[in-house]
Amino acid sequence: MTSRSKPASAGLNSQLIAGLERLGSALRAQAWSEAFARGLTPTQGQVLTTLRTHRGEGLRLLDIAEALSVTPATASETVRALVAKGLVKKTQALSDGRAIKISLTKQGEGEALAVAQWPSFLLDAVDELSDEDQTAMLRGVLTIISSLQGRGYIPVAQMCVSCTNFRANAHPGEPKAHHCQLLDAAIGDPELRAQCADHAPGSAELQAENRANFMTAAGDPKRRLPVVPAKPPAIR
Ligand code: SF4
């Protein structure tokens, strides 16, 4: 490497980080302004949209903490505030009488629908990217999140790379190089999920293996995990 090329590469890293910071600031500013107008905090808004995505019996507190990548204490505090506003309720799960599930009230459903529109300003901007650029960006974002998770900077998010059903580069060299065992189907980078209602955390070993395979752009066959046949319930 020449003395000129190394600073150029380091500059690329820092420019990318600066760009991510700008996007993060824009999202935070938009979320705060929308939330403030509705008497909510951005985290309260995220809980509402998460519960809206996971219909049915509702979610446990730990599920909400995991979905938002926040601590259980933060999730508990946020849910308590939303209960006080009449937007969510706690009930005992039908399937397990001891488990407390959290779900939207009627009023909460309307509020969650409104909150779901918050990131639309970003959607228009993202839609200006080509499909290839969106795919590359999704892959890049998932790689960064996965790396941060692996080093313990952020909790495990509900995305493919940390999922027990994911097999990164199970089909090396194919357009759909990965495999979702829940779907029992090959999936390509454009189908990767950054948030999936059917996510279940994989073991530490599986997550590390998937991370390594995911980051192997060429899909080295020696690194792939076997695909285990699984019955495919419908994915939400
Ligand atoms: S269940 Fe969802 S998160 Fe898990 S591998 Fe399949 S699509 Fe990805």
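Me: Why is Asn169 called buried?
Reply: This is a predicted model, and in it Asn169 has a relative accessible area of 5%. Buried means under 20%, so Asn169 counts as buried. Asn169 sits in the loop between S3 and S4. Its phi is near 55°, a positive value in a residue other than glycine.

Me: What makes Asp184 partly exposed?
Reply: The relative accessibility of Asp184 is 37%. The partly exposed class runs between the buried limit of 20% and the exposed limit of 50%, so Asp184 belongs in that class. Asp184 is found in the loop between S4 and S5, and the phi of Asp184 is near 55°, again a positive value in a residue other than glycine.

Me: And Glu77: why is it called partly exposed?
Reply: Glu77 has a relative accessible area of 49%. Exposed means over 50%, and buried means under 20%, so Glu77 is partly exposed. Glu77 lies in helix H4, residues 72-84. Glu77 and Gln44 are 33 residues apart in sequence, and their C-alpha atoms are 9.6 Å apart in space.

Me: How much of the protein counts as buried?
Reply: Of its 236 residues, 33% count as buried.

Me: Which elements does the protein have, and in what order do they run?
Reply: There are 8 helices and 5 strands. From the N terminus on, they run α-α-α-α-β-β-α-α-α-β-β-β-α.

Me: What makes S3 and S5 edge strands?
Reply: Let's start with the sheet. It is an open sheet of 3 strands in the order S3-S4-S5, with antiparallel pairing. Strand S3 (166-167) and strand S5 (185-187) each pair on one side only, and they are the edge strands.

Me: Which residues come nearest to the ligand?
Reply: Cys180 turns up here too: Cys160, Cys163, Cys180, Arg193 and Cys196 come nearest, of the 10 residues around the ligand. By class, this shell has 7 nonpolar, 1 polar and 2 charged residues. Cys counts as nonpolar and Arg as charged.

Me: Now the largest pocket. What is its volume, and which residues are closest to its centre?
Reply: The volume is about 2,600 Å³. The lining has 47 residues, and those closest to the centre are Leu27, Leu122, Val141, Ile145 and Ala194.

Me: Which helices supply the lining of the largest pocket?
Reply: Helix H1 (5-38), helix H2 (42-53), helix H3 (61-68), helix H6 (120-126) and helix H7 (131-150) each supply at least two residues. H1 gives the most, with 12 residues. By class, the lining divides into 29 nonpolar, 15 polar and 3 charged residues.

Me: How do you know that the largest pocket lies between domain 1 and domain 2?
Reply: Look at where the lining residues come from. Domain 1 (35-118) gives residues to the lining, and so does domain 2 (129-223). Because both contribute, the largest pocket lies between them.

Methods. Residues are numbered from 1 along each chain as its sequence is written. This is a predicted model: local features need pLDDT of at least 70, side-chain atom pairs count only at pLDDT 80 or more; totals for chains, interfaces and linings use all residues. Side-chain values use heavy atoms; hydrogens and water are left out. A residue is near a molecule or strand if one of its heavy atoms lies within 4 Å of it. On a 1 Å grid over the protein atoms alone, a cavity is a set of points where a 1.4 Å probe fits but cannot get out, and a pocket is an open set with protein on both sides within 12 Å along at least five of seven lines; lining residues have an atom within 4 Å of a point. Grid points are joined across faces, edges and corners, and a volume is the space filled by probe spheres set on the points. Helices (H or I, at least four residues) and strands (E, at least two) are DSSP runs, numbered from the N terminus. Domain bounds come from an automatic or database domain assignment. Two strands pair if DSSP finds at least two bridges between them. Buried means under 20% relative accessible area, exposed over 50%, partly exposed in between (1.4 Å probe, protein chains only).
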